[in-house]
Amino acid sequence: MIRLRRQDADEGKDDDMKVLGITGGVGSGKSRVLGYLEEAYGAVICQMDDVARKLQQKGTRCFGRIVETFGFGILSADGELDRAALGAVVFSDEERLHELNGIVHPEVIRAVRQRIRESEESGCPLFVVEAALLPDVGRELCDELWYIYADEEVRRQRLRSSRGYTDEKITQMIASQPGEERFRAACGTVIDNSGDFEDTMRQIGEHLKR
């Protein structure tokens, strides 16, 4: 297992854990990269979408603030958030989406930071944060950001074969995410995951040894 070191910007001392951000578009193969980092390097994996979902469950502080802001009409019959109903409210109104993000994002950041602290105290060598929108918040959490890149046609083929998506749905999903230029501008490292995964593993190993 590779031991990685980073400089603690807040306390000015070295420690034994690196915090790595992984981002990329749908179909780029982020899940396989995450699995490899976990298996081969002992990484703790934290997917921000999963953290956000848990924080929005009934009974949480985040849930209460969302209901207070958007009303009971966004709840399903079991009292949990109806994501389709909430989406209908916020995705057609940029101001309302900003309100929602202002509630959820700080809670997610706090929760991820807590997991980072706990993992560091347990002696974890590598903590990996994954999110498609990581360029927006990655610098708050991570020592460095990696962009998992794949050619668009490769992404489309993966989504057709693994998820059974139609070309129309794939086009909509790709269009809804940040473009390649934004990912490349935000990330210091690009991992080309278009071809054989053996080559992807080689790239990962080279970058982790730097």
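Predicted model: local features only at pLDDT ≥ 70, side-chain atom pairs only at ≥ 80, totals over all residues.
The space in the largest pocket comes to about 1200 Å³. Its lining is made up of 29 residues. Nearest the centre of the pocket lie Asp-49, Phe-91, Asn-101, His-105 and Leu-133.

Which helices supply at least two residues each of that lining? They are helix 2 (48-55), helix 4 (83-90), helix 5 (94-121) and helix 8 (167-176). Helix 5 gives the largest share, with seven residues.

Now to helix 7. Helix 7 runs over residues 152-163, which is 12 residues. From first C-alpha to last, helix 7 reaches 16 Å, close to the 16 Å expected at 1.5 Å a residue.

Which residues of helix 7 are buried? Arg-155, Arg-156 and Leu-159 are. They cover an arc of only 100° around the axis, which puts them on the same side of helix 7. As background, an α-helix has 3.6 residues a turn, so residues three or four places apart point the same way.

What do the buried residues of helix 7 pack against? They pack against helix 8, one of the helices that also supply the pocket lining.

Last, the end of helix 7. Just after helix 7 comes Gly-164, with a positive phi of about 70°.

Key
Residues numbered from 1 in each chain as written. Heavy atoms only, no water. 1 Å grid on protein atoms, 1.4 Å probe; cavity = no way out; pocket = protein on both sides within 12 Å on 5 of 7 lines; lining within 4 Å. Points joined across faces, edges and corners; volume = space filled by probe spheres on them. Helix = DSSP H or I, 4+ residues; strand = E, 2+ residues; numbered from the N terminus. Expected span 1.5 Å × (residues − 1). Buried < 20%, exposed > 50% of the residue type's maximum accessible area, 1.4 Å probe, protein only. Arc of directions from axis to C-beta. Contact = heavy atoms within 4.5 Å.
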